[in-house]
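Hello,

Please find the structure below. My notes on what turned up follow it.

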Amino acid sequence: MSMQRIRISITVNAERHQLEVDPYETLLELLRDRLDLTGTKKCCGEGECGACTVIMNGRAVNSCIILAAEADGSEVLTIEGLSEGGRPNQLQQAFLDAGAVQCGFCTPGMIMAAHYLLRNNPHPTDEEIREGLSGNLCRCTGYGRIVAAVQAAAAAEATAASKAGLESTPEAPK
Amino acid sequence: MKSFEYLRPHNLAEALEIMERYGAGARPLLGGTDLTVRIQKGQADPAAVVDLKGVGEIGESIDARGDTVTVGGRVVLSDLVRSDLMQTHYPALVEAASIVGSIQIRNRATLVGNICNASPAADTVPPLIAYAAEVTVAGLDEKGAPIRSRVPLEDFFLGPGETRCAPTELVLGVQLPLPSRPFGCAFGRLTRRRGVDLATINMACSIDAAGITTFAFGAVGPTVVAARDESGELAQPDLPESRREELLRSLVEKTSPISDVRSGEQYRRAMLLTIARRVLRQAFERRQYQSGGQTQGSKHYRGGFGE
């Protein structure tokens, strides 16, 4: 069989790429090896541990078990796309502040899963955070500080939103 | 990963023509949460992977028409779990779907994929059987035109990984009848950990308007095992506990649990009865709720199970 190459178009962190991929190439390999976005990690390679979590078309997915060809036409957000102007965003900063990182290997996937959780549920309970991150394994932290970091990020977001709300009140149309 | 041809048909006729051409060498791809892993591990070695996500005839919505709800083949489990329609009419299926894999997996994995993977431990299959689901299978007739047929899910499975969907055919979606009231259905599952784990045992139990109780037991046989009490006895609120145990034992006897990495055979046998009591009680209570809330009968029934 002659080697098939598949032309795809994919938008990663708001940047559009035209690529030719192999049939067996995964989205994870595409991100890491072709686009040099090595923040997304390969760990179990079978959709169990969540280290490879990215947001694809608005949904958290395991990039290790998605073919690059399947990602044709999709929009992908990776850990690199979360940062703002080269600085950690609120959620990333909350992980740093809470000490929610030890070896750090699970952290990018964990943060992407937390990002997805907070977008769908801005005020989660501890139980909802644990449920929301249950597809992501961490062997170091014991999860306690990770849950605390997500709570802190949710609180910071709420404060920022209410401040913005107060400031904009005078100009807000009736 | 070994190489294969990646094909993306745009309609059903094209997809079926590919399936016909490659036969057993073709593997249909929806979410890929099982297939891609198997290919990577060398457990599957397809000549062609046929990505069906561009096939319009394989629906991506959940629709109610008349007394039937259809779940399209492209509907992923997280959309099924969020659907008001599913939550209202098929709570036990929603409970089962919400425990499959992880959030990341449910965002990709489809209901039809979970069915066609034909794992004896598939979580969605016992409730689907308890709700009397059917699948629509499409193939080509002698003239090469697509034809569709419906197969009750209870008759669909032949063994682990084997179904009545031939290698040249495709499953387009799932049909669920709207249950006549009062109807109650419950799902139960035994695992070591809640997330990202396969069931040691899973099962569903439904009691229909006529009082027929249907159990579907998973992970205790080569396929999900259905067992029925047609007499209506199990649905009676004042059935003596000893008789209920006798009936449950006779239903559970249809299973053939084995020892494997997740559990020993004896533990499975013991837990089958325990979980069966639980789901029966919950199905009964849900049915009772539909027929007008708590009654003397349901209190008595609950008492019979003191755990």
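I start with His17(A). This is a predicted model. With 13 C-beta neighbours inside 10 Å, His17(A) counts as partly exposed, because that class lies between the cut-offs of 12 or fewer for exposed and 20 or more for buried. The residue sits in strand β2 (residues 15–21) of chain A. Leaving aside residues up to four places away in sequence, His17(A) touches Ile10(A), Val12(A) and Leu35(A). One further distance for His17(A): its C-alpha atom is 13 Å from that of Ala69(A), and the two residues are 52 apart along the chain.

Now compare Leu27(A). Is Leu27(A) buried or exposed? Leu27(A) is buried, because 27 other C-beta atoms lie within 10 Å. Its place is in helix α1 (residues 27–34) of chain A. Once residues up to four places away in sequence are set aside, Leu27(A) touches Ser63(A), Ile66(A), Ala68(A) and Ala71(A). Take Ser63(A) from that list. Leu27(A) and Ser63(A) are 36 residues apart in sequence, yet 5.3 Å apart in space, C-alpha to C-alpha.

Next, the domains of chain A. The assignment gives domain 1 (7–81) and domain 2 (90–167). Their C-alpha centres lie 22 Å apart. The contact between them takes 13 residues from domain 1 of chain A and twelve residues from domain 2 of chain A. Which element gives the largest share of the domain 1 side? Strand β3 (residues 53–56) of chain A does, with three residues. By type, the residues on the side of domain 1 that touches domain 2 divide into eight nonpolar, four polar and one charged.

On to chain B. An open sheet of three strands runs in the order β1-β3-β2 (chain B), with parallel pairing. The edge strands are β1 and β2 (26–29) of chain B, and each pairs on one side only. From one strand to the next, the twist averages 25°. β1(B) and β3(B) pair in the parallel sense over three bridges. As for residues, Glu5(B) has Ala48(B) in β3(B) as its bridge partner. A helix also belongs in this picture. Helix α1 (residues 12–22) of chain B lies across β1, β2 and β3 of chain B. That helix runs at about 165° to β3(B).

Last, confidence. The model scores ipTM 0.93 and pTM 0.92. Chain B averages a pLDDT of 92, and 94% of the residues score at least 70. One stretch needs a flag. Over residues 294–307 of chain B the pLDDT is below 50. Beyond near neighbours in sequence, this stretch has 18 contacts in the model. Where pLDDT is low, the predicted coordinates should not be read in detail.

Best wishes

Definitions and conventions. Residues are numbered from 1 along each chain as its sequence is written. Chains are lettered from A and ligands numbered from 1 in the order in which they are written. This is a predicted model: local features need pLDDT of at least 70, side-chain atom pairs count only at pLDDT 80 or more; totals for chains, interfaces and linings use all residues. Helices (H or I, at least four residues) and strands (E, at least two) are DSSP runs, numbered from the N terminus. Two residues are in contact if their C-beta atoms, placed from the backbone, lie within 7 Å. Two strands pair if DSSP finds at least two bridges between them. Axes are lines fitted to C-alpha atoms, for helices over the stretch in contact, and angles run from 0 to 180 degrees between N-to-C directions. Domain bounds come from an automatic or database domain assignment. Ala, Val, Leu, Ile, Met, Phe, Trp, Tyr, Cys and Pro count as nonpolar, Asp, Glu, Lys and Arg as charged, and the others, Gly among them, as polar. pLDDT is the predictor's confidence in each residue, from 0 to 100.
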